[in-house]
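Colleague: I am new to this model and would like to learn how to read its features one at a time. Could you show me the structure and then take me through it?

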Amino acid sequence: MKQKSVTVELDHILKNACEPFDYSFDGTSVFQVPNFNAPERDGSWSIGLIVGPSGSGKTILLTENYGITQFPNWNPNKAIVSHFENHEYAVECFSSVGLNSVPSWCRPFHVLSNGEQFRANMARMLSSNSSFDEFTSVVDRTVAKSCSHAIQRHIRKNSITGVVFSTCHYDVLEWLQPDWCFDTLTGAMLPRGCLQCRKPIFITIEPCSKSWWNIFKHHHYLNSEINPSSEMFLATWDGIPVGFSACIAMPSGTLKNAWRGHRTVVLPDYQGLGIGMRISNWMGERCISLGRRYFSKTAHPRMGEYRDSSLLWKPTSKNHNSRKDMMNSKSNDYNGMKKTKRANKWSYSHEYIGENK
């Protein structure tokens, strides 16, 4: 190990603070820093991780070998989505860190929760050769895991390289799945085989009452109303509510026994884990098992692009088209102005066909 030291002025306040504890202090603090053969940023790896207890030299090693990416500035008078070049790029960046709540995009940074602020900062900072100290230290462990999973998936999907994280939390290892990990506690690299495994996420979905919608309604990008005649379901992870989904019969003169998705919401802390897609697939599979056809429209690009690429879903003739059908809709969920506004926006439209079609 190598040593680092820092010296402070020995004033009377410092001396008086140490005296009752019989702590002999000459003004110089010495730190033991592990020897670290830092992997070069040569494009051969995507994610590196420095992990270890507080005070074990993580920040020093990160700063000396990779630097630390600075936090961005946020205008308190602008929505977080307005800090990007355009809305398409903003949506891509937010999706990359699991910040998929449209209402949250519309708020200024300072009113977001700790977890949302953490994700928003990461959305603006994440790029090749970026470095992050105290990764996930300010958020609860659920957000830490879901955000780590979303980030590593985005990094590898987009061939981003040389990203290094530093943290005292070992629980992000299985979610971040780094290419290498240096443990400052042991002063050695962790074996590669332990870095690429993660326990599967088991989601339980059961019928629920309308009252559960009150927990989820503020996180949906449409209005907060729900049709009481819809079939509603609650998704839980280890007994904790994480998602909500509802479907409703779709009267049609040409389609027999057709149903459509009505609402699908995942709570912000659990976004980025693919739970919304799994709930949506489950709903489609359930409808097929009951002899129904299941259709779903969404304006959310993450959900829509997943269905575009999935063999479980088939695009309808209205996929990627503007929703002119809204102009002729008899639904009373929206007034005329909102109908017109939605009619001018294109959406993703699919039918669930399942694995055996």
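Colleague: Among contacts in the protein between residues at least 6 apart in sequence, what percentage join residues at least 24 apart?

Modeller: Please keep in mind from the start that this is a predicted model. Among the contacts between residues at least 6 apart in sequence, 70% join residues at least 24 apart. As for the overall picture, the protein has 11 helices and 15 strands, and its C-alpha trace spans about 85 × 45 × 40 Å along the principal axes. Of its 357 residues, 46% count as buried.

Colleague: How should I read a pair of packed helices, and at what angle do helix α5 and helix α6 pack?

Modeller: The general idea is to take the angle together with the separation of the axes, and then to look at the residues in contact. Helix α5, residues 114-125, and helix α6, residues 141-157, pack at an angle of about 20 degrees, with their axes 11 Å apart. Because angles under 35 degrees count as roughly parallel, α5 is described as roughly parallel to α6. The crossing in which α5 passes α6 is right-handed. On the α5 side the contact involves G115, F118, R119 and M122, which meet V143, S146, C147 and I151 in α6. Sorted by class, this contact of α5 with α6 has 5 nonpolar, 2 polar and 1 charged residues.

Colleague: Is α9 roughly parallel or oblique to α10?

Modeller: The reading begins with the angle again: helix α9, residues 275-289, and helix α10, residues 301-309, pack at about 55 degrees, with axes 10 Å apart. That angle makes α9 oblique to α10. The crossing of α9 and α10 is right-handed. The residues that make the contact are G276, M277, S280 and N281 of α9 together with R302, M303, Y306 and R307 of α10. By class, the contact of α9 with α10 has 3 nonpolar, 3 polar and 2 charged residues.

Colleague: Which residues does F94 touch, not counting residues up to four places away in sequence?

Modeller: F94 is found in helix α3, residues 87-96, and at 0% relative accessibility F94 counts as buried. With residues up to four places away in sequence left out, F94 touches I80, V81, F84, L99, N100, W105 and A123.

Colleague: Where does S166 lie, and which residues does S166 touch?

Modeller: S166 lies in strand β5, residues 163-167, and with a relative accessibility of 0% S166 counts as buried. Not counting residues up to four places away in sequence, S166 touches L49, I50, K58, T59, L62, F132, D133, E134 and F135.

Colleague: What should I look for in the backbone, and what is the phi of E134?

Modeller: E134 has a positive phi of about 55 degrees although it is not a glycine. E134 is in the loop between β4 (131-132) and α6, and at 41% relative accessibility E134 counts as partly exposed. H320, also a residue other than glycine, has a positive phi near 65 degrees. H320 lies in the loop between β13 (313-315) and β14 (321-322), and H320 is partly exposed, with a relative accessible area of 40%.

Conventions:
Residues numbered from 1 in each chain as written. Predicted model: local features only at pLDDT ≥ 70, side-chain atom pairs only at ≥ 80, totals over all residues. Heavy atoms only, no water. Axes fitted to C-alpha atoms, helices over the stretch in contact; angles between N-to-C directions. Helix = DSSP H or I, 4+ residues; strand = E, 2+ residues; numbered from the N terminus. Parallel < 35°, antiparallel > 145°, perpendicular 65-115°, else oblique. Left-handed = near helix turned anticlockwise from the far one by under 90°. Contact = heavy atoms within 4.5 Å. Nonpolar A, V, L, I, M, F, W, Y, C, P; charged D, E, K, R; others polar. Buried < 20%, exposed > 50% of the residue type's maximum accessible area, 1.4 Å probe, protein only.
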